[in-house]
Amino acid sequence: MPPTTEREAFYARCLRVAATAEAAGATLKKSGTRTRPTLEISGNGKRVEFPIVTDERAWRETSVEEALYVVLLDAREWSNAHVDDASVATIVDDAERAELPLIRKDLGEEIARIAILADIVGGRAKLEEMWSTVELASD
């Protein structure tokens with residue numbers, strides 16, 4: 001029976017992407033602390049934690065499938081981010097320029113997490129497949 005509400009359709013998509021991850025050998029687990037929740041993804045002899053921005057109540061109500069969906073949304077955006085001089089010149093003013101080292105550090109950490117995630121699920125092609133499952137294929 002097809003989903004009848006927008007919420008049901010969203011959750012069905014979350015279940016599809018989690019099934020894709022699990023079929024690739026990934027195990028999903030909510031972890032972290034009460035004030036710093038994370039989604040732990042492990043498999044293929046590796047483990048990575050992705051921080052989740054949420055409040056404590058919402059985190060309790062969030063399923064691992066929904067958390068994975070959010071992680072994949074963020075990972076896709078981070079993987080497309082570029083912090084080279086030309087792109088930075090168009091998006092930051094002088095006051096924000098002081099934040100560039102922190103932005104570059106954050107980008108490096110996220111790219112490292114994405115590389116581990118790709119290793120867990122069987123490579124970049126499998127990760128791209130997961131992005132397609134959540135309808136986030138490369139443009």
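Student: What covers the buried residues of H7?
Tutor: This is a predicted model. In it, the cover over the buried residues of H7 includes H1, H3 and H6.

Student: Which residues of H7 are buried?
Tutor: Leu127, Met130, Trp131 and Thr133 are the buried residues of H7. They lie on the same side of H7, because they cover an arc of only 155° around the axis.

Student: Why do residues three or four places apart point the same way in an α-helix?
Tutor: An α-helix has 3.6 residues a turn, so residues with that spacing point the same way.

Student: Ok, back to Leu127. What does Leu127 touch, leaving out residues up to four places away in sequence?
Tutor: Leu127 touches Leu72, Ile114, Leu117, Ala118 and Val121.

Student: Which residues touch the most other members of the largest nonpolar core?
Tutor: That core has 27 residues, and Leu39, Ile41, Leu68, Leu72 and Leu127 touch the most other members. The elements that give two or more residues to this core are H1, E2, E3, H3, H6 and H7. H3 provides the largest share, six residues.

Student: New topic. What volume does the largest pocket have?
Tutor: About 270 Å³. Among its 14 lining residues, Pro51, Ile52, Val53, Val70 and Asp74 are the closest to the centre.

Student: Which element gives the most to that lining?
Tutor: H3, with six residues. The elements that give two or more residues to the lining are E3 and H3.

Student: And what is the lining like by class?
Tutor: Nine residues are nonpolar, two are polar and three are charged.

Terms used
Residues are numbered from 1 along each chain as its sequence is written. This is a predicted model: local features need pLDDT of at least 70, side-chain atom pairs count only at pLDDT 80 or more; totals for chains, interfaces and linings use all residues. Side-chain values use heavy atoms; hydrogens and water are left out. A nonpolar core is a set of buried Ala, Val, Leu, Ile, Met, Phe, Trp, Tyr and Cys residues joined through side-chain atoms within 4.5 Å. Buried means under 20% relative accessible area, exposed over 50%, partly exposed in between (1.4 Å probe, protein chains only). Helices (H or I, at least four residues) and strands (E, at least two) are DSSP runs, numbered from the N terminus. Contact means heavy atoms within 4.5 Å. The arc is that of the directions from the helix axis to the C-beta atoms. On a 1 Å grid over the protein atoms alone, a cavity is a set of points where a 1.4 Å probe fits but cannot get out, and a pocket is an open set with protein on both sides within 12 Å along at least five of seven lines; lining residues have an atom within 4 Å of a point. Grid points are joined across faces, edges and corners, and a volume is the space filled by probe spheres set on the points. Ala, Val, Leu, Ile, Met, Phe, Trp, Tyr, Cys and Pro count as nonpolar, Asp, Glu, Lys and Arg as charged, and the others, Gly among them, as polar.
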